[in-house]
Amino acid sequence: MTTGANSENNLPDNAATDPTQTSAASPLAAALQHVKAEWITSTSEAFGETTVIVPREHIVVICSHLKAAPEAGFDFLADICGADRGVEEEPRFEVNYHLFSTTKHHRLRLKVVLNEDDAHVPTVTGVWRTANWHERETFDLFGVVFDGHPDLRRILLPDDWQGHALRKDFPLRGYEPYSLK
């Protein structure tokens, strides 16, 4: 591994995260930034996949654009998943949108980062109907609230379950009466 340059494409190390360097990191990210610069907070490239961090207030319009734009053609929302960075990190939560184009055969990950005290993001169910189930799962397991969701309720855990099981501060053995003592 080299230092000072990204060995995959000979870019400086900061090129993967510097939004001004998106054209070298990914043509998809560069095209997105060209439409509206404030849509991209930063980008990174790892294992051949581009991740674009976007502000939550723009997620719906970005997703709509990526689905409708002929050069992007992201007609398939493969997954939405959450991540808890841990109670010591802020922003604590991530919501990752994994997009795929069935016609262009390319992938893109959009990432929205959220603070623990304001874990809300607008729903993208109006863009992709399949987001309904993915958002419910992320709500159920991480407690991220998808504002405007048509039916935001638990999908995996019982309705009377307390807490969110994949948060890093959730007890490993659960709470009573679900404990495995």
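This is a predicted model: local features need pLDDT of at least 70, side-chain atom pairs count only at pLDDT 80 or more; totals for chains, interfaces and linings use all residues.
Local features here need pLDDT of at least 70, side-chain atom pairs count only at pLDDT 80 or more, and totals for chains, interfaces and linings use all residues. Residues are numbered from 1 along each chain as its sequence is written, and side-chain values use heavy atoms, with hydrogens and water left out.

Let's start with α4, which covers residues 131-142; helices are DSSP runs of H or I with at least four residues, and strands are E runs of at least two, numbered from the N terminus. Its 12 residues reach 16 Å from first C-alpha to last, close to the 16 Å expected at 1.5 Å a residue (1.5 Å times one less than the number of residues). Because 10 of its 12 residues are buried, α4 is largely enclosed by the rest of the structure; buried means under 20% relative accessible area, exposed over 50%, and partly exposed in between, with a 1.4 Å probe and protein chains only. The cover over these buried residues includes the strands β3, β4, β6 and β7. After the helix comes G143, with a positive phi near 85°.

Within α4, F139 counts as buried at 17% relative accessibility. Beyond four places in sequence, its contacts (heavy atoms within 4.5 Å) include V145, F146 and H164. The C-alpha atoms of F139 and R153 are separated by 7.6 Å, though 14 residues apart along the chain.

Here are two separations to look up in the structure:

| Residues | Separation |
|---|---|
| F139 and R153 | 7.6 Å, C-alpha to C-alpha |
| R136 and W133 | 5.5 Å, charged end to ring centre |

The charged end of R136 sits over the ring of W133 (NZ of Lys or CZ of Arg within 6 Å of the ring centre and within 35 degrees of the ring normal).
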